[in-house]
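Biologist: I'd like to learn how to read a model like this one. Could you walk me through it, feature by feature?

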Amino acid sequence: MYVCSCFGITEDQVKKHADGGACTPRQIASACRAGTDCGGCVRRIQALLGRGDCPRRELVEGRTEPAAAPAGSSAGLGAAPAVRLSDAA
């Protein structure tokens with residue numbers, strides 16, 4: 001069954017990417033573009049991925065506390081930190 005009509009991505013393809021390590025709709029989008037056009041499939045992708053199947057990023061990276069802001073940065077002073085595509089989930 002198709003999940004993303006815009007790019008012709010099937011449930012099996014989403015599951016294959018998830019088995020390969022994609023844990024979020026954004027990671028699925030990076031792998032196959034599903035969810036990047038009209039966005040109508042994002043909720044279905046979320047449902048296919050489920051919850052709690054992917055370890056938290058801190059655990060994967062070996063951190064136990066959030067990373068500290070670099071010296072001289074304005075993070076923590078009310079400024080919004082820059083978010084890269086790979087950081088947002």
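Modeller: Gladly, and let's start with the surface. Accessible areas come from the Shrake-Rupley method with a 1.4 Å probe, and for residues only the protein chains shown count as cover. Here the accessible surface of the protein is about 6,700 Å², and carbon and sulfur atoms hold 51% of that. This is a predicted model: local features need pLDDT of at least 70, side-chain atom pairs count only at pLDDT 80 or more, and totals for chains, interfaces and linings use all residues. Residues are numbered from 1 along each chain as its sequence is written, and side-chain values use heavy atoms, with hydrogens and water left out.

Biologist: In what order do the elements of the protein run from the N terminus on?

Modeller: Helices (H or I, at least four residues) and strands (E, at least two) are DSSP runs, numbered from the N terminus. The order in this protein is β-β-α-α-α-α, giving two strands and four helices.

Biologist: What percentage of the residues count as buried?

Modeller: Buried means under 20% relative accessible area, exposed over 50%, and partly exposed in between (1.4 Å probe, protein chains only). Of the 89 residues, 16% count as buried.

Biologist: Which residues make up the largest nonpolar core?

Modeller: A nonpolar core is a set of buried Ala, Val, Leu, Ile, Met, Phe, Trp, Tyr and Cys residues joined through side-chain atoms within 4.5 Å. The largest one has eleven residues, among them Val3, Ala22, Ile28, Cys32 and Leu49. Two or more residues of this core come from each of β1 (2–4), α2 (25–32) and α3 (42–49).

Biologist: Where is His17, and which residues is it in contact with?

Modeller: His17 lies in helix α1 (residues 11–19). Contact means heavy atoms within 4.5 Å. Leaving aside neighbours within four places in sequence, His17 touches Ala22, Ile28, Ala31 and Cys32. His17 counts as partly exposed because its relative accessibility is 26%.

Biologist: How many disulfides does the rule give?

Modeller: A disulfide is a pair of cysteine sulfur atoms within 2.5 Å, and the count here is zero. For Cys32, the nearest cysteine sulfur is that of Cys4, 7.3 Å away. For Cys38, the nearest is that of Cys6, at 3.7 Å.

Biologist: Are Cys32 and Cys38 buried or exposed?

Modeller: Cys32 is buried, as its relative accessible area is 13%. Cys38 has 61% relative accessibility, so it counts as exposed.
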